[in-house]
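Please view the sequence and the model first.

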Amino acid sequence: MSILTLNADLHSHSTISDGVLTPAALAERAKANGVDVWALTDHDEVSGVAAARAAAHELDMGFISGVEISITWAGKTIHIVGLNIDENNPDLIAGLAKTRSGRERRAQDMAADLASKVGITGSFEGALKYVGNPDLISRSHFARYLVEIGAAPSVSDVFKLYLAEGKPGYVPHRWATLAEAVSWIRGAGGAAVVAHPGRYDLSPLAFDSFFREFKEYGGIAIETVTGSHTVDQYDEYTKIANQYGFLVSRGSDFHSPEDAEVDIGKLPLLPKFSKPVWENWLSA
Ligand code: AMP
Ligand code: MN
Ligand code: MN
Ligand code: MN
């Protein structure tokens, strides 16, 4: 098996953030779907990593510790994945706790807006029914509740109608900074990776500044083959990675069997000319 044909899935979520499977159940699904190396990357939280690693070892599947950190850059929310981190690093743990700390307040504000603007009441309590970790209430939990009550037919429709930027349930939030996220990841011995770059609404000029700044801080990779990209974007971001001298990463961003763009382990392989972020971690 070569480094490019390895089935690495380095982006996924469990009940520790906004996924619906426990770390152990996710490990089993990854193994059953043929994953060779798996990373759990819960939002702003590493408390599932130990259970995930134990489950992966039990299944004889490769494992990389991970996290997905929410940041605000030029007023936009962007996600930075940290891979191969020491999840016990105190500065990382403290930084993630700080990043999570505004989520409950924000969720209460979202619920208040949904009630006053579109007449949907009780959504805070409703979202809580779907929350696995009280420290991490997210828009995904609201989305599942809004589907339950018939406000929209699917999670992605809920985002389009209610929860995306500019919609009635969207509450702006200030997350970590880019400098913080990259320094927490690097301080914990990890690699900083831009998650699903094709999803951000940035002009070409803003993207260029963002990538340069990310690189200056010591960021080393971007995701190319992800559940959030189109097939054309796999190639587009592979070219961009090579232009900027970034390594690339691959991950489904799997959250739930019901509303997955791509199941865990089921993405296409990396395009030719990719330099995978895992090349220094594994012997092929
Ligand atoms: P939050 O961190 O609370 O802002 O929630 C962000 C999460 O919402 C993302 O990690 C995705 O899981 C989910 N999400 C965001 N946009 C969409 C969308 N358009 N369709 C489905 N899920 C989405
Ligand atoms: Mn998510
Ligand atoms: Mn993300
Ligand atoms: Mn994700």
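**The manganese site**

Q: Which residues coordinate the manganese ion (ligand 2)?
A: In this predicted model, side-chain atom pairs count only at pLDDT 80 or more and local features need pLDDT of at least 70, while totals for chains, interfaces and linings use all residues. Residues are numbered from 1 along each chain as written, chains are lettered from A and ligands numbered from 1 in written order, and side-chain values use heavy atoms, without hydrogens and water. Donors are N, O and S atoms within 2.8 Å of the metal (3.2 Å for Na, K and Ca), and sites may look incomplete because water is not among the atoms. At 2.2 Å, the ion is coordinated by Asp18 (OD), His43 (NE2) and His255 (NE2).

Q: How many residues apart in sequence are the parts that His43 and His255 tie together?
A: The donors of the manganese ion (ligand 2) follow the spacing D-x24-H-x211-H. His43 lies in the loop between strand 2 (37–40) and helix 2 (49–58), and His255 in the segment after strand 7 (247–251), so the pair ties together parts whose separation in sequence is 212 residues.

Q: Are His43 and His255 buried or exposed?
A: Buried means under 20% relative accessible area, exposed over 50%, and partly exposed in between (1.4 Å probe, protein chains only). By this criterion, both His43 and His255 are buried.

Technical notes:
Helices (H or I, at least four residues) and strands (E, at least two) are DSSP runs, numbered from the N terminus.
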